[in-house]
Structures are given as C-alpha cells and as structure tokens.
Amino acid sequence: MQYNFDEIIDRRGTGSLKWHYSDDTIPLWVADMDFKAAPPILASVQRVAEHGILGYTKPTDALYEAIINWHGSRYGLQLTKDKILFSPGVVPSLALMMQIFTEVGDAVMVNDPIYTPFTTKVQQNKRTLVMSALKEVEGKYQLDLKDIEAKIIEHKVKLYLLCNPHNPGGRVWTADELKALLALCKKHDVAIVSDEIHQDLTLTGHTFTPFLKLAEAAGYAHKVVSLTSMTKTFNVAGIKGSMIFAKEDALIKKISQQQYLNDEYELNLFAYTVMQSAYEEGGEWLGQVLAYIENNIETTLDFLAGHLPNIKVMRPEASYLIWLDCSAYAQDDQALYDKLREAKVELNSGIKYGREGHLKMRINVACPEALLREGLNRVYAAFKGS
Ligand SMILES: Cc1ncc(COP(=O)(O)O)c(C=O)c1O
C-alpha cells in the first residue's frame, strides 16, 4: 500500500502543541510530524475503543514479543521480557535515571548542544550540570573525548546522558565513536544513559548502534541503560509511552523499585496498544515515511543552497530535524527567532540547546512537501534583505 504524505491535514483547534497559532504561521519546529499515523496503528486504537471497556491494563506477552522482535531483527539487540520496563516517556526516564545513578549535587555530563530536557532535568533534580561541547569537523559533530575525559576527572562525573542518535545535530554515532566513549566512561566508572528515541529514523547510509549492545560486550552492562520509544518513529507523541532497557538484573530491579516508589511504571491502555501494533505492523509505513523525509531533506538543502547560501547546514544522519547556522544573518538569538516569526514561520531557536546553539536554528521538515516549500519561502523572505 502506498501512503499519501502529501495530504495537508488541518491541526488547528485540536490542542496541537505544534499548531498553536491563531493565524496562518507554518510550524517547522517541535519534533512532531504532520502525517497521519500508520493505518494499522489507527485500526488498533479503533479496535480497543470499539471493545468499549477501557480498564486497568497490563503489558501482554504479545507486546513484549513485538518489542523483542523489532529490536532484535533491526539492531541485533537481544532482549528478554525481564529486561524491559515501561515508562510514561523518555524525559521522565531521564529524570528517573538521576535517582538511579546519582545523588543530589553529583555531576552529570551532557553534550552541548543537546535536546533541552537533558540540561533542565539535571538542574531541576539539583545535580551539577557539566557540558562538553561537540566539535564540528567537516560539517559534522564529533565527541570531544579529550574534553570529556578532562571534565569527568575535574568534576568527578557520575553519569553521562548520551543522545544516540543526536538531537539537534542529527549524528548517528558510529560503533567506533561509541566504543571510545564507553571505554572512557568505564575507565572512570561513569554510568551512561543512552536516549535512543531517534533510532528508527536513521537515514540511508548510516547504521544505528544500540549502546547497550556495546556495553554488554564490554562487561559494563551494570552501568548502562537505554531509553527508547515508538512515539517519534511512528508520530504518536500524544499517546505518550516509552521503554527502558537494561541488561543486568540488579540494575533492572533497582529501576523497577524506584519506578514503583514514584508510581510511574504503568502506561495507559492506548500506549500499550499503539506500541504493539506499531512494532508488529508499522514497518512498511516507516519505510515510506523515511523515503518522504529524505526527499524533504534534499528539497531543503537544495533550497537553502540556492537561496540562502550563507546558512551553514548540517546534513542529518537521522531524523527530520536539520541544524542551521544562521550567524551570517543575525547577531542576536531572540532577534533571529523573531525575524522568522514575523515572516510567519516558526523554527526552534538553537540557543535553547546550549551555548553551542548561538545563532543556530533547528528546522523540522516532516510535513507535506507543499507546506515545507511555503515554509522555506518564508525563511527566505525573512533573511533575503539581511
Ligand atoms: C532526544 C529526545 N529525547 C526525548 C524526547 C521526548 O521523549 P518523550 O516524549 O518520550 O518524553 C525527544 C522529543 O523530541 C527527543 O528528541
């Protein structure tokens, strides 16, 4: 079946976070796609609604099997039922991991730039935030292992929050890069939590490596947890729901006890339903949506090269988010954001992702092509006189 991603669906007035405007602004910001979810997912939601009883629900064996098969067949990550926990979201799990691996005041390291909740959750949980800037080499971000090690030693870092693949830079870290990071953390006894929510959006030519697989091979699984979800992959973020994977029994037990204490181990009925149908039947839709996204990425790169050649673009290796260096067009972060809003297009302000995001913007291209082209015209209109 061929899915139609060109359909423009009016999301105004639905409470959509992305489409929060009362005018005709085009949203190219928050990581949410403007495409209808896969028909098998929608059918599964309808089946449950038609059954009519929406009572307390537990994960079924069929759900565990769907998760195990997806991760095993796609990434060679061997899971068993007892290694999988559920959580209302990856961000809630990031906060939980601070309770698992650290105490108040302990140092937690993240990269700069990074998806904003990585920094806010560290600070809100009263841990000490230590940031290591990514290095830009030939248009790609790289981990600065020297800086990471120096700061681990200086601040006695206890936990490293890794974004794999990286948001906002779009890097799919290679197995070698991850192994080097793992070796360093192992040497200094630093725990690693790997946020892998963008794993399934890895683009052609790149290979996603589950961090847990490397950790297990290196005998370091007792200090590593991975967090992932079906929500980004299948554009079902409003459903909420995610998974926590760990390989070592004592660690799983500790996480599970803390979840019980916080009372955040259960998902709502529709989250279990969507998760199962997505992993069982969503593969074809995912293949097609990725092809559409790759086309939109090319459209965006061509447009910017032709119309705004002074914007430096980081080509993403995963996901539909593109990191743009707009420093040729602005001196001030707020003014940069405002200029685009005045042209009736919204992008994410790079500075929200850390100091390295100064004068950068993140654009989301997961929308019907016609909408994207109009959004790009507005970006051009905002900058052309500058
Ligand atoms: C890297 C990353 N982690 C987590 C999330 C959100 O996860 P959740 O909605 O499950 O809390 C996002 C959403 O954009 C993300 O990009």
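**View 1. Parallel pairing of strands E3 and E4 in the predicted model.** Strand E4 (residues 128-133) runs parallel to E3 and is joined to it by six bridges; strands count as paired if DSSP finds at least two bridges between them. Ala107 has Thr128 of E4 as its bridge partner, and Val110 stands opposite Met131 in E4. Strand E3 (residues 107-112) is mostly covered, with six of its six residues buried (under 20% relative accessible area, 1.4 Å probe, protein chains only). Strands (E, at least two residues) and helices (H or I, at least four) are DSSP runs numbered from the N terminus. The model is predicted, and local features need pLDDT of at least 70, whereas side-chain atom pairs count only at pLDDT 80 or more, and totals for chains, interfaces and linings use all residues. Residues are numbered from 1 along each chain as its sequence is written, and side-chain values use heavy atoms, with hydrogens and water left out.

**View 2. The open sheet.** Seven strands with mixed pairing follow the order E2-E10-E9-E8-E7-E3-E4. Strand E2 (84-87) and E4 are the edge strands, each pairing on one side only. From one strand to the next, the twist averages 25° (angles run from 0 to 180 degrees between N-to-C directions, with axes fitted to C-alpha atoms, for helices over the stretch in contact).

**View 3. Packing of helices H5 and H6.** The axes of H5 (residues 145-155) and H6 (residues 175-187) come within 11 Å and cross at roughly 15°. H5 is therefore roughly parallel to H6 (angles under 35 degrees). Leu145, Ile148, Glu149 and Ile152 of H5 make the contact with Ala180, Leu181, Leu184 and Lys187 of H6 (heavy atoms within 4.5 Å).

Definitions and conventions
Angles under 35 degrees count as roughly parallel, over 145 as roughly antiparallel, 65 to 115 as roughly perpendicular and the rest as oblique. Buried means under 20% relative accessible area, exposed over 50%, partly exposed in between (1.4 Å probe, protein chains only).
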